[in-house]
Amino acid sequence: MIYTKNSLKYTLVLAATALLLYSCGAKDSYETVTVENKFELTLPSFLSKTRDLNDDASLQYQNAIREFYVIAIHEPIIDVQPVIDEDVTGEYKNDINGYYKLISDNFKEAIVNPKVSKVTDTIVNNMPAKTAFINGQIDGLDIVYAIGLYQGKEDYYQIFSWTLADRKDRHKDNMSKIIYSLKEVEETE
C-alpha cells in the first residue's frame with residue numbers, strides 16, 4: 001500500500017486520538033482471587049502474582065511499573081490469644097478492636113513518621129472490620145497504605161495495599177475497592 005503524506009498524517013492523528021481516548025476512558029478490570037479456599041479478594045487485573053513482598057502473606061500481588069502492591073495475611077483467632085496473654089499492659093483484647101490496635105501499633109513502628117487517617121469501624125461481607133489510610137516513609141520514600149483488618153468466623157485477616165504517596169490519587173479507588181472486597185469462602189459439605 002502506498003501512503004501519501006496526507007493519508008499518513010491522517011492515520012497517525014487517528015491512532016493518537018484513539019490511544020488518548022482509550023487511556024482517558026479506560027477503566028480497570030477486576031478479577032476475584034480465592035486463597036487457600038479460605039477467602040476471596042477482588043484485585044485489579046493489572047496486578048501480577050509475586051512471592052517477595054512479605055514472608056507471612058498468603059496473597060501477594062504487584063505492578064512494579066505502577067508502584068502498586070497488595071498483600072493479605074490470615075491467622076486463626078485462637079493463635080492470637082498467646083500474644084494477647086503476653087500483653088502486661090492490658091491494651092490488647094482478642095477482638096477486632098484489640099487486633100487492630102496490636103497490628104497497627106506494630107505496623108506504625110515499622111515506618112517513619114506514620115500518619116493515620118480516621119479509622120473506620122465497619123462491616124465488610126458480614127465481618128467486623130477496621131479500615132484506614134496510613135502515610136509514612138520507608139527507605140526515604142513517601143508511601144501511602146490502605147489497610148483493612150477483619151474478624152472472620154475463625155480467622156483474622158489483614159489486607160495491605162500501598163503505593164507511592166504521589167500516586168495516591170491515581171490508586172485510591174483501587175485501594176479502597178480491594179480492602180472492601182474481602183470475603184470469607186463459605187464451606188460446603
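**Exercise 1. Determine how many bridges join strand S7 to strand S8, and describe the turn between them.**

Solution. Strand S7 (residues 120-124) and strand S8 (residues 127-138) run antiparallel and are joined by five bridges, where two strands pair if DSSP finds at least two bridges between them. The strands themselves are DSSP runs of E with at least two residues, whereas helices are runs of H or I with at least four residues, and both are numbered from the N terminus. Within this pairing, Thr122 stands opposite Ala129 in S8. The two strands form a hairpin with two residues between them, and Asn125 in the turn has a positive phi of about 45 degrees.

The model is a predicted one, in which local features need pLDDT of at least 70 and side-chain atom pairs count only at pLDDT 80 or more, while totals for chains, interfaces and linings use all residues. Residues are numbered from 1 along each chain as its sequence is written, and side-chain values use heavy atoms, with hydrogens and water left out.

**Exercise 2. Follow strand S5 to its partners, and state how many of its residues are buried.**

Solution. S4 and S5 pair in the antiparallel sense over five bridges, with Gln62 opposite Tyr69 in S5. Their hairpin has four residues between the strands, and Glu67 takes a positive phi near 55 degrees there. S5 is also joined to S10 by nine antiparallel bridges, and the bridge partner of Pro76 in S10 is Asp155. Seven of the nine residues of S5 are buried, where buried means under 20% relative accessible area, exposed over 50% and partly exposed in between, with a 1.4 Å probe and protein chains only.

**Exercise 3. Decide whether Gln60 is buried or exposed, and identify the backbone nitrogens to which its side chain comes.**

Solution. Gln60 is placed in strand S4 (residues 59-63), and its relative accessible area of 8% means that Gln60 is buried. Leaving out residues up to four places away in sequence, Gln60 touches several residues, including Ser48, Val70 and Ile71, a contact being heavy atoms within 4.5 Å.

**Exercise 4. Compare the span of helix H3 with the expected value, and find what its buried residues pack against.**

Solution. Helix H3 (residues 96-110) has 15 residues and reaches 21 Å from its first C-alpha to its last, close to the 21 Å expected at 1.5 Å a residue. Its buried residues include Ile96, Tyr99 and Phe107, and the elements against which the buried residues of H3 pack include strand S5 (68-76), helix H2 (77-86) and strand S10 (155-164).

Definitions and conventions
The expected span of a helix is 1.5 Å times one less than its number of residues.
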